[in-house]
Amino acid sequence: MFLFRLASRRTVASVLLQKRRPPSQVVSGAAMSHLSTIRCSSTAATNDNATTSSSNDPRLTAPRECMPYDVVIVGGGPAGLAASIRLKQLCLENSHDLSVCVLEKGSEIGSHILSGNVLDPRALDELFASDLPNWKEDFETTGTFATPVATDEFKVLLNATKSFTIPHFLLPPQLDNAGNYIISLSQLTRWLAAKAEDLGVEIYPGFAASEVLMRDNSVYGVATRDVGLDKHGKPKEGLFERGVELQARQTILAEGARGSCSEYVMDKFDLRNDCQPQTYGLGLKEVWQVPPEHFQKGLVQHTLGFPLQSGIMDKTFGGSFLYMQEPNLVLIGLVVGLDYANPYLNPYQEFQRWKTHPEIAQHLKGGTCVSYGARVLNEGGFYSIPKLTFPGGLLVGCSAGFLNAVKIKGTHTAIKSGMLAAEAVFDGLTSGESAEVPSVSESGEIPSVPALELVDYTKRIESSWIHKELHQVRNCHEAFAKWGTTGGLVYTAMAAFITKGREPWTLKHSKRDCDTTGKAKDFEPIKYPAADNILTFDLLTNLQRSGTYHAEDQPAHLRIKPELGDIPENVSLQTYAGPEQRFCPAGVYEYVDDEAKGSKKLVINAQNCIHCKCCSIKTPAEYIDWTVPEGGGGPQYQIM
């Protein structure tokens, strides 16, 4: 395991260099120079995700080491890894090498990856069609399983005890899981990373991209965060190291939903100008080990109703999943749409309450919870996809918002988008005028030519099955928001069986999730039952199962935006009863007595953060600026 703690013992650049390919694996002799970093005095404009400090310490502005690449990919999830693999496949097929680097903020690949996950194998089949057609067997040699779906159920939980099953023939075709596999996505990404490295991709986990490098209004890479700073942003003696600039001809942002670099780029280039606001759900998940008598291999079960929807017109969007993966794992979770109105709703407590329903509890009897985590996911769909390209780079996977909320899947579209991005990037860097430009793998430096905006990537997406799949269900999420559970189900059935995306209208939404929260005076507080620590758990007990860790003496990565400094105490607490105390699935936010002022003040326990990004979405006016902590911090998921 390539742990981030190495960065505190030696220079960031030297740690990165330890992972670089030896000269024997580089195509050209000239590329040997690419194995060294270059000292650069960057004057480029960057986004201010880096730590700010009032200190005038010259070490904070010292030149950073630079590492040039043809392509830098930010994010070691399925989209980013698929892009790296496809790029190297194309290099081999065309005898034209490009240097490719994947940067991952988690301590190892997969440690920040969380998903249901029932995998639609379509994109993986395409990615490994010629290299590894039996990818499932190879994947299972790693000690994990891709369990074929054997039983597929959809239930409506009428109340805390009753339920009924929707006949399969009445369900939208998108919910048919025949031919799909129950997997751990964190384990799948580890396997993909091994395949990428075998092809020559350089992968650096434990290093967080904190800045997007800008020059001539174009992106030319990213920089990692400085390490060895104290909580005031001042360098620690003997521990401080400047970050490294990873410069690139093309930068692929594959950070997942609400990534900080992706959000910066979308704002910088106004990529959301022609789309609707993105809406999100918060997915909470546990993994249980159960005894053989309660294990049903290949079971897939989804539910609507209790506890989120109490009536046929209830507009709280969300549902649950329960999957049984070999050898004896039950993967359970609840997804809550963050456009909910009741400020007293607590997604974590709703998740715990859901487990008490007899339809769910029976599958966990005698079992042990071994892992917990949470992550936001895109739910806006087709009309919330931003412009996908910008000078010097592009967006893939959940950074772009390709999740299919009706299908309850996004891994297959993420992988496919990464493949299409790779094909657009390879063609863009090796054909036309670019054919005369030496690659970084050949020259060891970034060529002095204008950065390309590869609009061909958008055309590839529009002609792919990603576009067709999302277009068919483009209005379904908003139907739930407008007409509640019953109306949403009826509309989804119509779209799935009759119109199939051909309806001549658009159901629009214009509000951010933070703007849908109702005032506390219009709702009653919700009293949740105490945890029994057998089936249900208090939050801090469960949080330990995420393995989350952050060094406490570092700058807080959760920051109140300066222009919104009055929002927590004067708006969030007074108007909305402090909803961040309830929606955060890690207990990061709490209001405590301020004896000096005789009022309440907000305390941010950033060390608890599991990087779900919910606070950057649902806090009133989005007052939280979510930035990256030191690389390697956060959850340490193994089987999520």
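## Helices and strands

The protein chain has 18 helices and 24 strands; helices are DSSP runs (H or I) of at least four residues and strands (E) of at least two, numbered from the N terminus. This is a predicted model, where local features need pLDDT of at least 70, side-chain atom pairs count only at pLDDT 80 or more, and totals for chains, interfaces and linings use all residues. Residues are numbered from 1 along each chain as its sequence is written, and side-chain values use heavy atoms, leaving out hydrogens and water.

## Overall shape

How does the chain compare with a compact globule? With 640 residues, such a globule would have a radius of gyration near 26 Å, and the 24 Å of the protein chain agrees. The radius is taken over C-alpha atoms, and the globule rule is 2.2 Å times the number of residues to the power 0.38. Along its principal axes, the C-alpha trace spans about 70 × 65 × 50 Å.

## Inside the fold

Of the 640 residues, 62% count as buried, meaning under 20% relative accessible area with a 1.4 Å probe, protein chains only. Now look at contacts (heavy atoms within 4.5 Å): among those with a separation of 6 or more, 79% join residues 24 or more positions apart.

## Cysteines

How many disulfides does a search of the whole structure find? The search gives 0, a disulfide being a pair of cysteine sulfur atoms within 2.5 Å. For Cys-101, the nearest cysteine sulfur is that of Cys-261, 13 Å away. Cys-101 is buried, with a relative accessible area of 0%.

Definitions and conventions
Buried means under 20% relative accessible area, exposed over 50%, partly exposed in between (1.4 Å probe, protein chains only).
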